Amino acid sequence: MATYNTNEFRGGLKLMLDGDPCVIIENEFVKPGKGQAFSRVKLRNLMTGRVLEKTFRSGESVEAADVMDRTLSYLYSDGEFWHFMDNESYEQYQADANAMGEATNWVKEQDSCLVTLWNGSPIAVEAPNFVVLEITETDPGLKGDTSGGGGKPATLETGAVVRVPLFVQTGEKIKVDTRTGQYVSRAKDE
Amino acid sequence: MTQRHAGDWRPGASLETLQARARVLQGLRAFFEERGVLEVETPLLGASFGTDPSIEPLVSAFTGPGYPDSKRLFLQSSPEFFMKRLLAAGSGPIYQVCKAFRNGEAGKRHNPEFTLLEWYRPGFNANQLMDELAALVREVLGQPDLPVERLSYRSLFMQHLGLDPLEADALTLQAYARDHNLLGAEGLDLDRDGWLDLLMTSFIEPELGRDGLTFVVDYPASQASLARISARDPRVAHRFELYWKGLELANGFEELVDAEEQSERFEQENCRRFSAGQRPMPIDDALLSAMEHGLPPCSGVALGLDRLLMCQLGLDDIEEVVAFSLARL
């Protein structure tokens, strides 16, 4: 079992805490002039996304989490699982809805996603920052309106709904920022 | 502590900060000159080292004339033992500005090499030395109206945690930490003083010195270090600490002058080191001889100048007040 000593702690290091993999956000060395030294650590639980603080005695060792980030291609969804493939090894992985989180709104076949694997299984999937998706349904806007003020809801091919300017029509492709879920621009045919 | 970027040769402290540091050094020298306290220098490398289990040395070695097989030397974590030998030799009041070294300590408030102002006052009790320390900070920083307060270690625990630190056992202290969402407390293996340190640094320290200088006085006798035990209440020692803006700035004692008791404390601490898997330290026989000869009743204090600058300038990383911290070497 790999372990990390508190002296190895730094942002980004992945540890096992209470059975869940966690990543260190911040590590602070705390020590009274004439007393016990501690590491006060802020971590994110990679399963729940929750941020927690934990105190370790300096010199203590903690189990390492076998967690790695890999760029994988999204293949398809069978309704229950989302399937991904490593383009180099052709190895396939399946992520459940929990691991997919928000990413289900944005990914379509062939997209490259950053997938966090724990013991070889996906626990978190990050969609690309920008995606191009086709509008499958939106109210016809007034012709000639280019102000973009107000906007209207539009349903995308993935099922996600975003606000778009009035001049954007069904069948058009748009660029969306997946981190905010906001319309960026119309997309040229690519 | 931030990692140095490749090619970043610049200092971590701004020119203004280095100027403020120089002014503090000038100011404190003028302060002591006016009061007739003598500036001294003592070795940074010593053949022995304090036994305090919470302080680990950086070690060096000399090879040369007289020492063909090399002599182990410890970079000193404080000039205390050498200065006490000067006091026993009749120096009168003395001060020193020097570098001090500690292994294993690095972070936003720690650098393994740091600057101490340490001084000793024969004939002073702890109260008189606290008065002088407060006067020094006010004068050197040019803040004559900086408020000063004194609170006992016990009253702080009672006020903030509702616990009596002189009576509560390790289990009670651990239960408090666990019940107040100090995550990790359930898994920590600490002794009573370790739990007191954890509660102090987690719940009390951040509140200390918000509006000015806060002296914490009457530390538990188990944390006496080199301080005299109180004759009035043997559960506490004549040890004090100075806090400002949640930062521990200084540690002072009404000094233990009894050579026999000093020798016993060294032995006890070395036993604790041994049982905790730390190497015992060579005991400073020259200090014990000096104490047998006669250390005048005195009080002494060490003030961290890097942290004092952090407080003065409102900086929260020690890297910003020293030219080149560990990460920039």
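I'm calling a residue buried if 20 or more other C-beta atoms lie within 10 Å of its own, exposed if 12 or fewer, and partly exposed in between, with C-beta atoms placed from the backbone. A nonpolar core is then a set of buried Ala, Val, Leu, Ile, Met, Phe, Trp, Tyr and Cys residues joined through C-beta atoms within 7 Å.

**Ground rules.** This is a predicted model, where local features need pLDDT of at least 70 and side-chain atom pairs count only at pLDDT 80 or more, while totals for chains, interfaces and linings use all residues. Residues are numbered from 1 along each chain as its sequence is written, and chains are lettered from A in the order in which they are written.

**Cores.** I looked up the largest nonpolar core and got 89 residues. B:Leu133, B:Ala177, B:Leu199, B:Leu242 and B:Leu303 have the most contacts inside it. Helix 3 of chain B (126–140) gives this core its largest share, seven residues; helices (H or I, at least four residues) and strands (E, at least two) are DSSP runs, numbered from the N terminus. Another core lies apart from it, with 26 residues, including A:Tyr74 and A:Val164.

I then checked B:Leu303, skipping neighbours within four places in sequence. Its contacts (C-beta atoms, placed from the backbone, within 7 Å) are B:Leu116, B:Leu117, B:Leu133, B:Leu249, B:Ala250 and B:Leu308.

**Helices 5 and 6, chain B.** Helix 5 (170–179) packs on helix 6 at about 30°, axes 9 Å apart. Axes are lines fitted to C-alpha atoms, for helices over the stretch in contact, and angles run from 0 to 180 degrees between N-to-C directions. So I noted helix 5 of chain B as roughly parallel to helix 6 of chain B (under 35 degrees; over 145 is roughly antiparallel, 65 to 115 roughly perpendicular, the rest oblique). Among the residues that meet here are B:Ala177 from helix 5 and B:Leu199 from helix 6. I sorted this contact into eight nonpolar, one polar and one charged, counting Ala, Val, Leu, Ile, Met, Phe, Trp, Tyr, Cys and Pro as nonpolar, Asp, Glu, Lys and Arg as charged, and the others, Gly among them, as polar.

**Helices 1 and 9, chain B.** Helix 1 (15–34) and helix 9 (305–313) pack at about 120°, with axes 11 Å apart. That makes helix 1 of chain B oblique to helix 9 of chain B. B:Leu308 turns up here too, on the helix 9 side.

**Chain contact.** Last, I looked at where the chains touch: 24 residues come from chain B and 17 from chain A. Helix 6 of chain B (192–204) supplies the largest share of chain B's side, six residues. By class, that side has eight nonpolar, 10 polar and six charged residues.

Terms used. Contact = placed C-beta atoms within 7 Å.
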